[in-house]
Amino acid sequence: MEVLQRTANRGSISTGAYEIDNSVKLECDNNEWFYRASPTEGNRRTFTFSFWIKRTGLGTVNASGVQYVAGQGQHGRMYFTNDYFGFRFDDGHDTRDITTLHRDTAAWLHVVVAVDTNQSSSSNRVKIYFNGVQTTAIDFDGGSYPDIQDQASGWFTTNYLTVGTAPFGGSYNVGDGDYDMRGYLAEFCAVDGQQLAPTDFGEFDSDSGIWKPIDVSGINFGSEGYYLNFADAADLGDDESGNGNDFVENNIAAADQATDTPTNNFATWNVLDITRTNTQGVDMVEGAMSIKHRGSNGWTGTCSNIAISKGKWYWEAEVRVTNGASMWGAYPVATRQANVFFDIYIGASESDGYDSGAAFYDNDDAYYHDNTATACTISGSTFNTVTGDVIMIAVDMDNNKLYAGVNGNWCNSSDNTLPNATGITLSDEPHYLAAATYTANTTNSYNFGGFTTDTISSAASDANGYGTFEYAPPTGYYALCTKNLAEYG
């Protein structure tokens, strides 16, 4: 369902010298953004922006239909509209690529905008790069490149400055929820006074050819530049450039810090794989790790944006509604691709030769496969999952088994541990992680290890130190991320 492109970054396949530990999750529904109310003016002719973004919302996700990555005053703008990227130097000087659609929500995208209006060639005054490659498919929305030595830029002024949205309102001095972005940001850099190349921020991996980050700490950011690496959960707007140009967090908390990064890309739900029917469907929010069931009652759900064919994988989910008719499990890739926009019912009857996966179902507290229920017990007794319970899912692709547990105890086990548990059999083929729900107007949250809205009290990780979970993954099971995939997948 998603295609690996040469320059699409899902984390370095080989071990890189530079690692990014954190990103920040931004959600337009929550009006989450950063701002500086009164910055000092910098060089308005020459500057560079660089950032890594993992988009989790496509098309229209807010009232305006435009997702702004950053903005300043009335006319400084960086944005995605109809999934194309655009940059506004000032009014009448938009530089857009309306050829390249940025719809790969399984990948981290690196964007560089390098500006120098002192350049004699107009096409050198604004350069836009995606994953290290300059785009030449430029449209101006009726305008043009900036004039030579134009210093009327909307950027590096004293006007209200935002990351995650753009300023609007009567005086353009406040963020606006109608223009927020949805996704993850990492390594947001603004360089005052230099037009830099993408190779100042990244490089192609010599083994895989994937564009990956490099250490930017040696860059001279200029007096009004800034560098947000989102490493301090207690101060996510902290400027690491050395300039002290810190941002204020708007509706952003420590819990919005993520470990899903360009050097270790975690699975999320596949934003491109949304059930679309007349009466029900899903909306993906909170870093594509929460699913809203909209419309009327009916089975609907989605699959992960990373498939698995071998290895052992662990994830969790918090029950949000008692007897909410939810399922957590795994779904065959071939089945989902053949029925891409059909309603998901995990573990339904096999049809036309396609297996329908297997899952744990909360209303019955049982496994389902081929429309057959297998009762689950804990400590030899039946149980009822309720709001607040943590569902644990372990998928063993080496032996084609799926296991479920609740609150640290594994189902159908003589001692509640996974080694002694009896799971449910999966078909011998690649699978996605999958979830489904029946009840309308409910929101469920999930945790693949890179980000979750669930409250984590223990912060357990797998044996490699990846993922943040309520319960430690069983021995031999790992969070579904590119570092682990390189070793076990």
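So, a definition to start: a residue is buried when its relative accessible area is under 20%, exposed when over 50%, and partly exposed in between, using a 1.4 Å probe and protein chains only. Take Cys376, which counts as buried because its relative accessibility is 2%.

Before we go on, some ground rules. This is a predicted model, where local features need pLDDT of at least 70 and side-chain atom pairs count only at pLDDT 80 or more, while totals for chains, interfaces and linings use all residues. Residues are numbered from 1 along each chain as its sequence is written, and side-chain values use heavy atoms, with hydrogens and water left out.

Cys481 counts as buried, at 0% relative accessible area.

Now the cores. A nonpolar core is a set of buried Ala, Val, Leu, Ile, Met, Phe, Trp, Tyr and Cys residues joined through side-chain atoms within 4.5 Å. In soluble globular proteins, nonpolar side chains tend to be buried together. The largest core here has 58 residues, and the ones touching the most other members are Trp269, Trp315, Trp328, Ile393, Val395 and Tyr446. Which strand gives this core its largest share? That's β28, residues 390–396, with five residues.

Let's zoom in on Ile393. Contact means heavy atoms within 4.5 Å. Leaving aside residues up to four places away in sequence, Ile393 touches a list of residues including Trp313, Trp315, Trp328, Phe360 and Trp410. There's also a second, separate core of 36 residues, and among its members are Met181, Ala190, Tyr226 and Phe247.

On to the sheets. Strands of a sheet pair through backbone hydrogen bonds, either parallel or antiparallel. Two strands count as paired if DSSP finds at least two bridges between them. Strand β2, residues 33–36, pairs with β18 over three bridges, and Trp33 stands opposite Asn250 in β18.

Another open sheet has six strands, ordered β22-β32-β24-β25-β26-β27, again antiparallel. β22 (300–308) and β27 (372–375) have a single partner strand each, so one side of each is left without a neighbour in the sheet. Inside that sheet, β24 (326–332) and β32 (431–437) pair over seven bridges, with Ser326 partnering Thr437 in β32.

Phe230, in the loop between β17 (226–228) and β18 (248–250), has a positive phi near 55° without being a glycine. Is Phe230 buried or exposed? Buried, at 1% relative accessibility. Asn251, also not a glycine, has a positive phi of about 60°, and its loop runs between β18 and β19 (257–258).

Methods:
Helices (H or I, at least four residues) and strands (E, at least two) are DSSP runs, numbered from the N terminus.
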